[in-house]
Amino acid sequence: MRILVSGASIAGPVLAYWLTRHGFDVTVVERAPALRKTGGHAVDLFRPAMQISASMGVLPQIEALATGTNRMTMHREGRARPFDIDLTKVYAATSDRHVEIMRDDLSEIYYAAGRDDVEYLFGDSITAIDHDGEVTFEHAPARRFDVVVGADGLHSNVRQLTFGDEANLTRFLGGYLAVVSAPKGLASPGEITCHVGVGRVAAVYTAEHLDDARAVFLFRSGRELAYHHRNTLRQKELLRAAFGNMHEQVDGWLGELDRTPAFYFDSISQLRLDRWSRRRVTLVGDAGYCPGPAVGGSTSLAVLGAYVLAGELARADGDHLRAFAGYELQMREPVHRSRAFARGAAKGVIPGSRLGVWALTRGAQLVSLMPGSLSRALARLNTKGVRMHDSMPVPDYGATGLHADERNIRPWN
């Protein structure tokens, strides 16, 4: 069975790895000329994604490149004195098995895990997909595939080609996220400096192995802003307008906008597709069910989705329609729960009032001061809240080549 995967960020390489372990012939096409090194931001891997990564044999590499951020200096806008937060206790409250890693580092690790068994076509993209699996590329000759998978992110080209107007069915969650590459001297490894105000949050951090620091900006908006997702000049204008006069330190971070080597800007929006498959095409990760950047655990959800899709294709023994049905059934609950979680998180992470600012900062202080065992015990009582990501079970598809950690993967309850 020949399978084409569009996108070589997170979901694409994970899917390609597991597909080859199940015996499929896999090609990955990626628009960029090489693996993307665009600056990007740190992402969280929770228990399900950690288990899957362990079974791929890449967990040591992931842990070696963890950001190591374990403390936060938090400033409330309008207050002179900051306070310190012990992030190890915050992480422990949200997950029993968690790591924070730069997105680009994670992508490279997953790519390296399976690249010897996968055909990668860099610098190319899909222009048309016929109902019989004939795929036309921008540069390469047309080829026929049994299955085509869109793993090409929130602005998925495959989704647009396959679902038409339905592809744009999104829900704006009221905020925006930006990431700016800045000089490493603006931050200290192991520490994040954060400023919180009504409707806006700015922070900067780095890691030992990075050559730069990353300034992160989140802000609220009562409406969707007018800009094209590739118009960086307009995006930078919007960012400056949202964070002007917050704090002299934040002004310094904004000053890097004109010379940053890497910049990211996007709305915090959810995809609202109820089905992710049509004919020979299906979607995985942010391309199909992005719960919302920075608020919905989309990276862990993408890893889980890629693993499940590969497993269901193997279980269906080549019947792609049966596999797609099984995949959507398995992922429906995790996706719906992630969406619900993200809607609440977007409101809490970017507080919309002074009371919200107080609640966010005071809550972080209380968790930081609380004994770790107590915060973990309280968090475990709410699997739909902060422990939602950890509560997602991982099916066992029995692929060959699994590592010793396979025995830790649980079937669905």
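This is a predicted model: local features need pLDDT of at least 70, side-chain atom pairs count only at pLDDT 80 or more; totals for chains, interfaces and linings use all residues.
Colleague: Why is Arg-214 called buried?

Modeller: Buried means under 20% relative accessible area. Arg-214 has a relative accessible area of 7%, so Arg-214 is buried. Its place is in strand 15, residues 212–220.

Colleague: What makes the link between Arg-214 and Asp-212 a polar contact?

Modeller: The cut-off for such a pair of N or O atoms is within 3.5 Å. The side chains of Arg-214 and Asp-212 are joined at 3.0 Å. Therefore the pair meets the distance cut-off for a polar contact.

Colleague: How do you know that strand 8 and strand 9 pair?

Modeller: Two strands pair if there are at least two bridges between them. Strand 8 and strand 9 (residues 134–137) are joined by 3 bridges, so they pair. They run antiparallel. As one example, Ile-129 has Val-135 in strand 9 as its bridge partner.

Colleague: Why do strand 8 and strand 10 stand at the edges?

Modeller: The open sheet has 3 strands in the order 8-9-10. Strand 8 (126–129) and strand 10 (143–144) each have a single partner strand, so one side of each is left without a neighbour in the sheet.

Colleague: Which residues lie nearest the centre of the second largest pocket?

Modeller: They are His-155, Thr-170, Glu-224, Asp-266 and Ser-267, out of 16 lining residues. Helix 6 (157–163), strand 12 (170–183) and strand 16 (263–271) each give two or more residues to that lining. Strand 16 gives the most, with 3 residues.

Colleague: What makes up that lining by class?

Modeller: The lining has 4 nonpolar, 9 polar and 3 charged residues. The volume of this second largest pocket is about 370 Å³.

Methods. Residues are numbered from 1 along each chain as its sequence is written. Side-chain values use heavy atoms; hydrogens and water are left out. Helices (H or I, at least four residues) and strands (E, at least two) are DSSP runs, numbered from the N terminus. On a 1 Å grid over the protein atoms alone, a cavity is a set of points where a 1.4 Å probe fits but cannot get out, and a pocket is an open set with protein on both sides within 12 Å along at least five of seven lines; lining residues have an atom within 4 Å of a point. Grid points are joined across faces, edges and corners, and a volume is the space filled by probe spheres set on the points. Ala, Val, Leu, Ile, Met, Phe, Trp, Tyr, Cys and Pro count as nonpolar, Asp, Glu, Lys and Arg as charged, and the others, Gly among them, as polar. Buried means under 20% relative accessible area, exposed over 50%, partly exposed in between (1.4 Å probe, protein chains only). A polar contact is a pair of N or O atoms within 3.5 Å; within protein, one must be able to donate a hydrogen and the other to accept it, and residues adjacent in sequence count only if both atoms are side-chain atoms.
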